[in-house]
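Hi there,

Here is the structure I promised to pass on to you. Please have a look at it first, and then read my notes below.

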Amino acid sequence: MDLALFDLDETLICEDSTGLWLRWLVSQGFAPAALIEQEQALMAQYYQGSLSIEEYMHTTLSPLEGMGTLTVSGWVRRFIQRDILPRVYPAARERMAWHQQRGDMIMVVSASGEHLVVPIAEELGAQGALAIGVEIVDDRYSGQSYGTMTYKEGKVTRLNDWLAVQQESAFAKTWAYSDSINDLPMLEHADHACVVNPSEPLHQLAQQRGWEVCRWVR
């Protein structure tokens, strides 16, 4: 059995899940419209490789502060049906199905919050997910994140922590799929690295290293 690791945003889906989520919250009247501009400014830093993931999470979790977990989970289910599933790349579904047919274990590893990533991964048929921890106190969101961030090198750190407790699972090889140069540590960690719709720097690196280049379209 192999382990297949899929980034979520702009890898399995054609947009960023957190950005879509904030637009959904605004559309429903649950967040101020100004939050969208704040998130877009932070995402510009992400693409430049200079993002503070702590600042990003603090900003994007602010609408949930004090909200009950059952309320938010209901919102997330509606959001996934409306805004996530229509944006899944058909080729991503095919590649996940291919891994399932081989008997591989599929994990979604994302720098978005676990309140979004875990239910999205379940909906897509993945067996598990690693995402940024979102703090819950007395069944309500605190608006804070916690733990090692699944961002850049943090994805590999969290993956190794997860592997260390998988006593019954021995994976022959690891596959990794991502669109982002920020996921270079995860791609380098894998036996089979696959870059999805890569930027030019990542495309050149993939060619130098003999990695698979996937061109996925909606």
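**What I found**

Asp104 is buried, its relative accessible area being 4% (buried means under 20%, exposed over 50% and partly exposed in between, with a 1.4 Å probe and protein chains only). Before I go on, a word on the basis: this is a predicted model, in which local features need pLDDT of at least 70 and side-chain atom pairs count only at pLDDT 80 or more, while totals for chains, interfaces and linings use all residues. Residues are numbered from 1 along each chain as its sequence is written, and side-chain values use heavy atoms, with hydrogens and water left out.

**Charged pairs**

Asp104 has a salt bridge to Arg102, with 2.7 Å between the closest N and O atoms. The term stands for a side-chain nitrogen of Lys or Arg within 4 Å of a carboxyl oxygen of Asp or Glu. Arg102 is partly exposed, at 39% relative accessibility. By this rule the structure has 10 salt bridges.

Another of these bridges joins the side chains of Arg95 and Glu212, at 2.8 Å from N to O. This pair ties together distant parts of the chain, as Arg95 sits in helix H5 (residues 90-102) and Glu212 in strand S7 (residues 212-214), 117 residues apart. Helices (H or I, at least four residues) and strands (E, at least two) are DSSP runs, numbered from the N terminus. Arg95 counts as buried at 18% relative accessibility, while Glu212 counts as partly exposed at 32%.

Asp83 and Arg87 also form a salt bridge, and their closest N and O atoms are 3.8 Å apart. Both Asp83 and Arg87 are buried.

**A buried lysine**

Which side chain does Lys155 meet in a polar contact of 3.0 Å? The partner is the side chain of Asp183. A polar contact here is a pair of N or O atoms within 3.5 Å; within protein, one must be able to donate a hydrogen and the other to accept it, and residues adjacent in sequence count only if both atoms are side-chain atoms. Lys155 belongs to helix H7 (residues 153-164) and counts as buried because its relative accessible area is 2%. Leaving aside neighbours within four places in sequence, the residues in contact with Lys155 (heavy atoms within 4.5 Å) include Asp7, Val109, Ser110, Met149 and Asp183.

**Helix H1 and its surroundings**

Helix H1 (residues 17-27) is mostly covered, with 8 of its 11 residues buried. Among them are Trp21, Leu22, Trp24 and Leu25. The buried residues of H1 pack against helix H2 (34-48), helix H3 (53-61), helix H4 (69-84), strand S2 (105-113) and helix H6 (114-124). At the N-terminal end, Asp16 caps H1, placing a side-chain oxygen 3.2 Å from the backbone nitrogen of Thr18. After H1 comes Gly29, which has a positive phi near 80°.

**Strands**

S2 pairs with strand S3 (residues 128-137) in the parallel sense over 4 bridges; for two strands to pair, DSSP must find at least two bridges between them. Between S2 and S3 the chain passes through H6, and this β-α-β crossover is right-handed, meaning that, with the strands pointing away from the viewer, the path from the first strand over the helix to the second runs clockwise. S3 is also joined by 4 bridges to strand S4 (residues 140-146), and these two run antiparallel. Val137 has Arg140 as its bridge partner in S4. The hairpin of S3 and S4 has 2 residues between the strands, and there Asp138 takes a positive phi near 55°.

**Aromatic rings**

There are 12 aromatic pairs in the structure. Rings of Phe, Tyr and Trp (its six-membered ring) pair if their centres lie within 6.5 Å; planes under 30 degrees apart count as stacked, over 60 as edge-to-face and the rest as tilted. One of the pairs, Trp24 with Phe30, is tilted, at 6.1 Å centre to centre and 45° between the planes. Trp24 is buried at 2% relative accessibility, whereas Phe30 is partly exposed at 33%. Tyr46 and Tyr47 form an edge-to-face pair, with 5.3 Å between the centres and 75° between the planes. Ring pairs also link Trp21, Trp24, Phe30, Trp75 and Phe79 into a cluster.

Best wishes
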